[in-house]
Amino acid sequence: MDHSIHNKQSPQFFIDGVLRGDVAVLSRAITLTESTSEDHKKLARQVLEGIIDKTGNSFRLGITGVPGVGKSTFIESFGKEIITRGHKLAVLAVDPSSNKSKGSILGDKTRMEELSVMENVYVRPSPSSGTLGGVARASYETILLCEAAGFDFIIIETVGVGQSEVTVSKITDFFLLLMLAGAGDELQGIKRGIMEMADSVVITKADGNNIQKARAAKMQYESAMHLLQPLESGFTPKVETCSSLENKGITEVLDIIENYRRHVTANNFFLHKRKQQQRELLFNFLEEKLKEKFYTHPSVIKSIKELEEKSSEKGFISFGLANDLIENVFKNLH
Ligand SMILES: Nc1nc2c(ncn2[C@@H]2O[C@H](COP(=O)(O)OP(=O)(O)O)[C@@H](O)[C@H]2O)c(=O)[nH]1
Ligand SMILES: [Mg+2]
């Protein structure tokens, strides 16, 4: 990330640049939304307000799977197919490894060398540090900016460890889970919950000696997915195998996603889900802010300390006093 830029420009400079599809300005606008400086935050808010009418018109695809499963390689190959079908593609990589050592896990292909230099493609690493709500908000705002800049297909790559994939599933229209054949669910860190969130599964690296294993895995996952609850979308999750290196199974995956898109557009689930997501993001944000404001307020810190002392004197927690503390905070609200 380029910290040397100084954002002395007016909100209109960013708004015009983003709407023009100028990726240099787009990148700077995204950096603003990620900034912790109050000036930048204010500017970012003005920019977002200025572009919001031009957002929403895209398909947002979340891709997850353990490190090394082949997400970045898949996106290289899959992204080219998306471009061939006439889309403008933005790829946001939520990759914790990119911050740390440049030497990466299992030959990581985060940079997507070929795809990132293609016309109509924009590749951007996203921040993966900070609170879940923070990552969700920053990624969501990045999506909005990319949409305003004319990108109508957005891919978010996330690592299937920890909670980041849950976050990503909350800001995307379709959630694709990549799996390795024969690695065992436990080894892949994939919990049942993640499978339940997946709109479809792709078994990667179905090439060479791995083809048979991949086919067997496909059948296993197909039957496993049948045991799960039907999805709210009314769409039956599909399982596909692919080889990103040999470019096999890639168009099939895009066909699945386009079928899904037609399906949820026809039954209105597409908009319904986006509205639900917006509501959830809003409440997550409010909860996080509320907590932060509360626990960092000097008089709350003081009151809590007193509360702890009184509770230990009495030998029990005084919920009454805790309640008074909250009531005091809200006393002045009308
Ligand atoms: N044989 C084979 N190897 C692959 C395929 N896709 C990815 N790989 C390799 O798997 C390793 C990890 O890939 P990468 O895309 O960085 O995985 P990510 O961590 O999930 O993003 C790299 O060495 C890739 O070359 C594939 O389709 N076939
Ligand atoms: Mg990767």
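Which residue lies over the face of Phe151? Lys88 does, at 4.6 Å from the ring centre; a charge counts as sitting over a ring if NZ of Lys or CZ of Arg is within 6 Å of the ring centre and within 35 degrees of the ring normal. Lys238 lies over the face of Phe235 in turn, at 4.3 Å from the ring centre.

Before we go on, a word on the model: it is predicted, so local features need pLDDT of at least 70 and side-chain atom pairs count only at pLDDT 80 or more, while totals for chains, interfaces and linings use all residues. Residues are numbered from 1 along each chain as its sequence is written, and side-chain values use heavy atoms, with hydrogens and water left out.

Now to the rings. Phe, Tyr and Trp rings (Trp by its six-membered ring) pair if their centres lie within 6.5 Å; planes under 30 degrees apart count as stacked, over 60 as edge-to-face and the rest as tilted. By this rule there are nine aromatic pairs. In one of them, Phe59 and Phe270 have ring centres 6.3 Å apart and planes at 15°, so the pair is stacked. These two residues are 211 residues apart in the chain. Ring pairs also link Phe59, Phe153 and Phe270 into a cluster.

Phe59 has 0% relative accessibility and counts as buried, where buried means under 20% relative accessible area, exposed over 50% and partly exposed in between (1.4 Å probe, protein chains only). Phe270, at 15%, counts as buried too. Phe235 and Tyr260 form an edge-to-face pair, 5.0 Å centre to centre with 85° between the planes. Phe235 and Tyr260 are both buried.

Conventions. Chains lettered and ligands numbered in written order. Helix = DSSP H or I, 4+ residues; strand = E, 2+ residues; numbered from the N terminus.
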